[in-house]
Amino acid sequence: MTPRRTRATASLIAATTVLAALAGCSAEPKAHRAAEALGTHGVKAAEPKPKPVDRGLPGMPPVLDPKDLYAADRPDKLSPVVKDFPSRVYVPNTESDTVSVIDPKTYKVIETIPVGRQPQHVVPSWDMKTLWVNNDKGNTLTPIDPKTGKAGRTVDVHDPYNLYFTPDGKYSIVMASLDRELVFRDAHTMKTVKTVPVSCYGVNHADFSADGRYFIVSCEFSGELLKVDTAKMKVVGQERLPFKGAMPQDVKISPDGKTFYIADMVANGMWVLDGKNFTTPELLPTGKGTHGLYVSRDSREMYISNRGEGTISIFDFAKNKLTKKWTLPDGGSPDMGGVSSDGKILWLSGRYDAEVYAIDTRTGKQIARIPVGDGPHGLAVYPQPGRYSLGHTGIFR
């Protein structure tokens, strides 16, 4: 072999070696990646599963804004179902066995509807087509058509102190206070589906969690709270409030869904509760005879009626503190009520004064003081913005 051919052969061998090395370098990562994707036995490793998203109680309309449960309650954002209903304030008079109907434009009573014995609350149905008057001692519900203002045929329901609806619209929940029961009924026919006996006394008010899977109930006469599983229709938690003689009333959830607030008429304040963990709540003093809780149309504030001193305290959600207090001129006994569709007026019944108060939410000034029947209680402002009603005097989502 000549020296020239020898040098050429050597060069060819060297080039081949380099190419092989380069090929090995590019193939190794591929093999390594393939090995990573395989288990020790050559089986492809399972990819991590994404965490399941809790979409809430099946059948419940989806939450519009997880940071604001009241996003559907903006000023005058009326559902097509109610947009043509005349604006009225319906006042149940517990001692007169009537409902006074107020025209909010004139601030005058335009009609008085006879109902059953001791009407406690006027409650919008889940589909918002009917107003149910809770005739507690009469053991009946009186339906009112909010389109015509006419009362319909009463329905037999025992001890209906208060009335709520599950977020999926399937069931009504009767707060049978003296019977010591939560009675789940068909939301339309009011036929009993399940009766849940409770060991506390005086079940009266409630509100639902953001996902609708549970609700918190206040027990007025034994100073306790219940946590109830909505789907299972079962009490899953119970605790006594850490205040002697506590008398919990209205219940309302915060816009972000993290906190429940419970008014207490004897503790003279509002309990702040972590509903998810159901730990011992803390008391925020607000005023004598704390009773009703109502969220403003912009979800920034909550109006708190202090029945024992004739005042309304204002709680700022973002600041997490009380910022103002309004005093009714000449006193009064502000109890239950609601906010006008445009958010400009807070309507409250005067429980011990046979009157209703209209309060300007921008200034806190009393606009009107309207005489009604005896013992006005859970009045409903109707219609109000929202997609559906959870009951009481109007809890809308």
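Guide: Let's start with Lys-324, which is partly exposed because its relative accessible area is 36%, between the 20% and 50% cut-offs. Keep in mind that this is a predicted model.

Visitor: What makes Glu-301 and Lys-324 a salt bridge?

Guide: Their closest N and O atoms are 3.4 Å apart, and the rule asks for a Lys or Arg nitrogen within 4 Å of a carboxyl oxygen. Glu-301 sits in strand β22 and Lys-324 in strand β24, so the pair ties together parts that are 23 residues apart in sequence.

Visitor: Is Glu-301 buried or exposed?

Guide: Glu-301 counts as buried because its relative accessibility is 16%, and the limit is under 20%.

Visitor: What makes Lys-325 and Glu-309 a salt bridge?

Guide: Here the closest N and O atoms are 2.9 Å apart, again within 4 Å. This pair links distant parts of the chain, with Lys-325 in strand β24 and Glu-309 in the loop between β22 and β23, 16 residues apart. Lys-325 is partly exposed at 43% relative accessibility, and Glu-309 is partly exposed at 31%. There's also a network: salt bridges that share partners join Arg-307, Asp-335 and Arg-351.

Visitor: How many salt bridges does the rule give?

Guide: The count comes to 12. One of them joins Asp-68 and Arg-74, with the closest N and O atoms 2.5 Å apart. Asp-68 counts as buried because its relative accessibility is 9%, while Arg-74, at 27%, is partly exposed.

Visitor: Which polar partner does the side chain of Asp-168 have in Thr-166 or elsewhere?

Guide: A polar contact of 2.6 Å joins the side chains of Asp-168 and Thr-166, and the limit is 3.5 Å. The backbone nitrogen of Lys-170 also lies 3.0 Å from a polar atom of the Asp-168 side chain. Leaving out residues up to four places away in sequence, Asp-168 touches Leu-57, Pro-58, Gly-59, Met-60 and Trp-126.

Visitor: How do you know that β11 and β12 pair?

Guide: Five bridges join these antiparallel strands, and pairing takes at least two. Arg-185 stands opposite Thr-192 in β12. The hairpin has five residues between the strands, and Met-190 takes a positive phi near 65° there.

Visitor: What makes Asn-139 worth a look?

Guide: Its phi is near 55°, a positive value in a residue other than glycine. Asn-139 lies in the loop between β5 and β6 and is partly exposed at 26%. Ala-354, not a glycine either, has a positive phi of about 50°. That residue is in the loop between β26 and β27.

Visitor: Which peptide bond is cis?

Guide: The one joining Tyr-382 and Pro-383, with omega about 0°. Pro-383 is in the segment after β29.

Visitor: What is the confidence like?

Guide: The mean pLDDT is 90, and 86% of the residues reach 70 or more. Over residues 1-48, though, the pLDDT is below 50, and beyond near neighbours in sequence this stretch has nine contacts in the model.

Terms used: Residues are numbered from 1 along each chain as its sequence is written. This is a predicted model: local features need pLDDT of at least 70, side-chain atom pairs count only at pLDDT 80 or more; totals for chains, interfaces and linings use all residues. Side-chain values use heavy atoms; hydrogens and water are left out. pLDDT is the predictor's confidence in each residue, from 0 to 100. Contact means heavy atoms within 4.5 Å. Helices (H or I, at least four residues) and strands (E, at least two) are DSSP runs, numbered from the N terminus. A polar contact is a pair of N or O atoms within 3.5 Å; within protein, one must be able to donate a hydrogen and the other to accept it, and residues adjacent in sequence count only if both atoms are side-chain atoms. Buried means under 20% relative accessible area, exposed over 50%, partly exposed in between (1.4 Å probe, protein chains only). A salt bridge is a side-chain nitrogen of Lys or Arg within 4 Å of a carboxyl oxygen of Asp or Glu.
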